[in-house]
Amino acid sequence: MSKMLNLKLKIWRQNGPHAQGSFLEVDAHDIPEDASFLEMLDVVNERLIADDVEPVTFGHDCREGICGTCGVMINGQAHGPEKGTATCQLHMRKFNDGDEIVIEPWQATSFPILKDLMVDRRAFDRIVEAGGYISAPTGTAPDANEIPIPKEVADTSMDAAACIGCGACVAACPNSAAQLFTSAKLHHLNTLPQGQPERWKRTEAMVETMEDFFGSCTNHGECHEACPKEISLDFIAFMNKDYVKSKIKNRSLASKR
Amino acid sequence: MTTTARREDTKPARKLPWILEMYRSDVAKKWIMAVSGVILLGYIAAHMLGNMKLYFGAEEINHYGESLRDLGGDLVPRTHLLWIMRIGLTAAFAVHIHAAYSLTRKNLQARGRVRYDEPRQYLAANYASRTMRWSGVIVLLFVVFHLADLTWGWFSDDWVRGDVYANVYNSMDAWPIALIYIAANVALAMHIFHGAWSMFQTLGINNPRYNNARKNFARGIAGLILIGNLSFPLAVQGGLVDLDGHTPGQYNLEYGE
């Protein structure tokens with residue numbers, strides 16, 4: 001029998017992007033400490049429904065830390081106090097009996113609140129659309145291992161590809177900058193041989209799309225601390241380098257005059 | 001699917017020169033901020049080292065001050081090289097401030113009105129990084145004050161052009177002035193501490209081999225500049241620098257224009 005927790009919750013409620021929001025205060029009693037944070041919210045919602053109160057809307061999907069849907073601000077920390085862990089993988093045993101837990105949605109102008117704790121993260125889709133892909137000619141699939149890739153390159157690319165696009169970096173950033181997300185997506189493709197043909201075009205397009213929506217980096221490092229996949233700040237440096245290099249090279253202008 | 005006004009839509013028909021075109025981007029603004037920051041940091045370090053001549057006596061520092069006007073020796077007309085440096089520094093200062101101003105505005109806009117109830121739990125951001133805007137403004141105001149105090153001599157009837165030693169003594173002998181110098185240099189050191197690390201990230205100078213050294217470099221350079229610059233008002237206040245045996249104006253006659 002697992003230990004039961006009695007918690008005081010303060011949950012942000014808001015009907016839409018332009019609605020006035022307010023906090024809902026709920027006493028969540030008898031929460032098993034083995035429950036995940038989202039399961040705790042499920043229990044609270046069941047009780048709200050039984051009391052004829054509209055349940056709290058929150059984003060969730062895979063509940064195994066790989067979809068990036070569930071991010072919320074827990075006590076002023078993106079994805080809560082556990083490092084390298086998404087909200088769904090955070091367990092109630094990390095909290096103490098009698099704790100007050102403040103649950104708020106991500107904060108950024110480009111992440112408007114859809115409802116309660118759920119924000120619209122489509123700005124991230126616009127960034128990926130701008131260049132987060134490789135153009136592969138159609139035809140038969142190439143043979144496996146046809147393109148040799150050094151182990152280190154595959155590893156660093158994979159580390160970047162671990163980004164689940166949850167938006168915690170933007171929420172944690174005092175400037176609401178999306179540099180960690182964008183640089184991870186860039187590094188993922190820019191280090192691999194398959195990503196080389198479109199490397200410079202991709203870098204310019206994704207960075208400029210990012211800048212249409214988000215703030216700029218002031219090198220606090222909060223994003224890395226908040227990231228459930230512990231994406232490295234190094235990728236931001238590589239992105240900065242590639243972007244300016246691409247701008248200075250001006251390859252696309254060669255032979256145009 | 002939402003559509004957003006992209007940068008392309010707002011681009012002028014005629015392209016700006018590439019460096020200005022590049023400056024439209026936040027990442028490039030940061031890059032230019034880092035480059036101008038390096039120039040300013042180099043100046044600050046040289047300025048502090050040069051001022052150490054204060055401890056060798058009036059003859060030494062007044063001669064040093066005068067020889068700055070003779071930079072370039074017989075190769076360039078007197079004070080010309082100094083003026084080129086002054087103009088370059090002013091340009092670096094201006095572009096640094098403009099980039100900071102426009103990025104700050106953009107970042108505040110991207111953040112939006114902060115609705116969080118729970119205060120942010122900062123994990124990586126330190127006091128220096130969060131107060132860059134304030135320390136920057138303090139440094140700007142201080143530079144104006146410092147020029148008025150010791151370069152233009154607005155505040156004192158005793159100010160004599162060319163008598164660096166006596167001017168410094170007469171200025172910093174008053175404790176409120178000494179206090180201004182101390183406070184401003186603490187702000188400057190904090191600004192340099194975050195800036196000197198930050199510039200590596202922004203310029204994309206990132207290599208796992210020396211990444212740890214970057215923070216130590218920032219600590220070292222900020223510490224050295226802090227100690228060096230604080231020593232001047234403290235030495236005057238502490239009586240280490242005094243006017244015993246100094247004839248006011250004597251050096252003015254010797255080195256005057």
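This is a predicted model: local features need pLDDT of at least 70, side-chain atom pairs count only at pLDDT 80 or more; totals for chains, interfaces and linings use all residues.
Two strands pair if DSSP finds at least two bridges between them.

**Strands of chain A**

Strand β1 (residues 4-13) of chain A has two of the partners described here. One is strand β5 (residues 100-104) of chain A, which runs parallel to β1(A) and is joined to it by 4 bridges. Within this pairing, Lys10(A) has Val102(A) of β5(A) as its bridge partner. The other is strand β2 (residues 22-32) of chain A, which runs antiparallel to β1(A) and is joined to it by 9 bridges.

Met73(A) has Glu104(A) in β5(A) as its bridge partner.

| Strands | Sense | Bridges | A bridge pair |
|---|---|---|---|
| β1(A) and β5(A) | parallel | 4 bridges | Lys10(A) and Val102(A) |

**Helix α8 of chain A and its neighbours**

Two packed helices are described by the angle between their axes and the distance between the axes. Helix α5 (residues 179-190) of chain A packs against helix α8 (residues 234-249) of chain A at an angle of about 75 degrees, and their axes are 8 Å apart. Angles of 65 to 115 degrees count as roughly perpendicular, and α5(A) and α8(A) are therefore roughly perpendicular to each other. On the α5(A) side, the residues that meet α8(A) include Leu180(A), Ala184(A), Leu186(A) and His187(A). On the α8(A) side, Phe235(A), Ile236(A), Phe238(A), Met239(A) and Asp242(A) take part. By class, this contact of α5(A) with α8(A) has 7 nonpolar, 5 polar and 1 charged residues.

α8(A) also packs against a helix of the other chain, α3 (residues 26-51) of chain B. The angle is about 95 degrees, and the axes of α8(A) and α3(B) are 10 Å apart. These helices too are therefore roughly perpendicular to each other. α8(A) contributes Asn240(A), Tyr243(A), Val244(A) and Lys247(A), while α3(B) contributes Val27(B), Ala28(B) and Trp31(B). The contact of α8(A) with α3(B) has 5 nonpolar, 1 polar and 1 charged residues.

**The contact between the chains**

Taken as a whole, the contact draws 44 residues from chain A and 39 residues from chain B. Four helices of chain B, namely α2 (18-23), α3, α5 (80-111) and α9 (175-203), each supply at least two residues of the side that touches chain A. α5(B) gives the most to that side, with 6 residues. Sorted by class, the side of chain B that touches chain A has 16 nonpolar, 13 polar and 10 charged residues.

**Chain B as a whole**

The secondary structure of chain B consists of 11 helices and 0 strands. Of the 257 residues in chain B, 28% are buried. Among contacts in chain B with a separation of 6 or more, 74% join residues 24 or more positions apart.

Terms used. Residues are numbered from 1 along each chain as its sequence is written. Chains are lettered from A and ligands numbered from 1 in the order in which they are written. Axes are lines fitted to C-alpha atoms, for helices over the stretch in contact, and angles run from 0 to 180 degrees between N-to-C directions. Angles under 35 degrees count as roughly parallel, over 145 as roughly antiparallel, 65 to 115 as roughly perpendicular and the rest as oblique. Two residues are in contact if their C-beta atoms, placed from the backbone, lie within 7 Å. Ala, Val, Leu, Ile, Met, Phe, Trp, Tyr, Cys and Pro count as nonpolar, Asp, Glu, Lys and Arg as charged, and the others, Gly among them, as polar. A residue is buried if 20 or more other C-beta atoms lie within 10 Å of its own, exposed if 12 or fewer, and partly exposed in between; C-beta atoms are placed from the backbone.
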